[in-house]
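Hi there,

Here is the structure I promised to pass along. Have a look at it first, and my notes on strands and cores follow below.

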Amino acid sequence: MHVDADLCGGSIVVSGHRPGAEAELSLRADSAAGIRQWFHFRVRGALDARLELSIVDAGQAMHADAFRGYRALGSYDLERWFRVPTDFDGRRLVLRHRPDHDTVHYSYFAAYPLDRLSALLAVVDRSPRARVLSIGASVEGRPIHLVVLGEDGPGKRRLWIAGRQHPGETMGSWFVEGALARLLAEDDPVTDALLGEAVVYVLPNLNPDGSTRGNFRTNAAGRDLNREWHAPSRDGSPEILAARGVMEQAGVDLFLDVHGDEHADVAFAIGCEGNPGFSERLHDLERRFARSLARREGGFSSELDYGSDDPGKGDLRIGNNWVGERFDCLSMTIEMPFKEGPSGFGPDRASQLGRSSLEAVLESLGVLR
């Protein structure tokens, strides 16, 4: 048996092997930061072995208590994913599995490597409905992609979706993939109506460096990009500088920032209550959108959130707060669970949520302004 993390987005440290098919592993910290939570690794020589893989320092993770009631994900092909029996005793996170194939991958959530994104963008770019632009470069020089769907015209709304500010929250990429697949679909009345009245802008991966390195929360400079929106810098957070630049040029009427939550077992949304400019109009828009999405998705809660900030105390370093304040628009963070929860949440459900979100967007379209 051989364990390694030599993968795009791979992250684990092999501490040692015990007799048989047992291994002791450790979480690797984000580059330029001390954050530990994400793991993605590969086991070879695993066919029919009774694997026992112990992450011995899980109790020191950023959200260690979130491992309670959690099961890791496994895959043989990085396409189809399944949950693996997983135990946490407060110190060790132990994965137990008997694989049906020689090679198997294990991840905190279903991995989404950059070559999958490249393949998706190639499909998108061939569509007459869409174009793929490079709007800037990351700290390490990787392109920041923007997908633009629909034709501009008088009175058209500007709708934005962004994913992977936090690279370990890979459910954001699955959400974006589902949304893009529907936006490209022919003879879909929701998509036809949406693109008839709006231009849709999608930032599929705002943190390609962190995604490549296997970071959980930060970019190559050790910055949490979702705390950089108020004052991004060319050296530390060029990714956000690029995103803000194109938003200023195009305008924003709705913004969905897609993330993952370690503790929850359902998806939910966070609005901008607490922002200095938050109004009754924005409150009504947030409630309308959340309830619309909850009607369509049983694994989405319109009631769960983190609690509102004190009036005027919203953190404008955070993406959805900054965008909501700057453009006086409906701006929400969509949080999806790492845990499977009662709805069996996984990459397929994240993709479905991306598709369903377009229906909630369409329902909100006529009252955005």
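This is a predicted model: local features need pLDDT of at least 70, side-chain atom pairs count only at pLDDT 80 or more; totals for chains, interfaces and linings use all residues.

Strand β6 (residues 73-75) and strand β10 (residues 103-107) run antiparallel and are joined by 3 bridges. Within that pairing, Gly74 has Tyr106 in β10 as its bridge partner.

Both strands belong to an open sheet of 5 strands, ordered β1-β4-β10-β6-β7 and paired antiparallel. At its edges stand β1 (2-4) and β7 (81-83); each has a single partner strand, so one side of each is left without a neighbour in the sheet. On average, neighbouring strands of this sheet are turned by 25 degrees against each other, direction ignored.

Strand β3 (residues 22-26) is worth a look too. With strand β2 (residues 13-18) it runs antiparallel, joined by 5 bridges, and Gly16 is partnered there with Glu24 of β3. With strand β5 (residues 51-55), β3 runs parallel through 4 bridges; here Glu22 has Glu52 in β5 as its bridge partner.

Now to the inside. The largest nonpolar core has 85 residues, and Phe39, Phe41, Leu149 and Met336 touch the most other members. Helix α2 (residues 171-184) gives the most to this core, with 8 residues. A second, separate core of 21 residues includes Leu146, Trp160, Tyr201 and Val252.

Conventions: Residues are numbered from 1 along each chain as its sequence is written. Side-chain values use heavy atoms; hydrogens and water are left out. A nonpolar core is a set of buried Ala, Val, Leu, Ile, Met, Phe, Trp, Tyr and Cys residues joined through side-chain atoms within 4.5 Å. Buried means under 20% relative accessible area, exposed over 50%, partly exposed in between (1.4 Å probe, protein chains only). Helices (H or I, at least four residues) and strands (E, at least two) are DSSP runs, numbered from the N terminus. Two strands pair if DSSP finds at least two bridges between them. Axes are lines fitted to C-alpha atoms, for helices over the stretch in contact, and angles run from 0 to 180 degrees between N-to-C directions.
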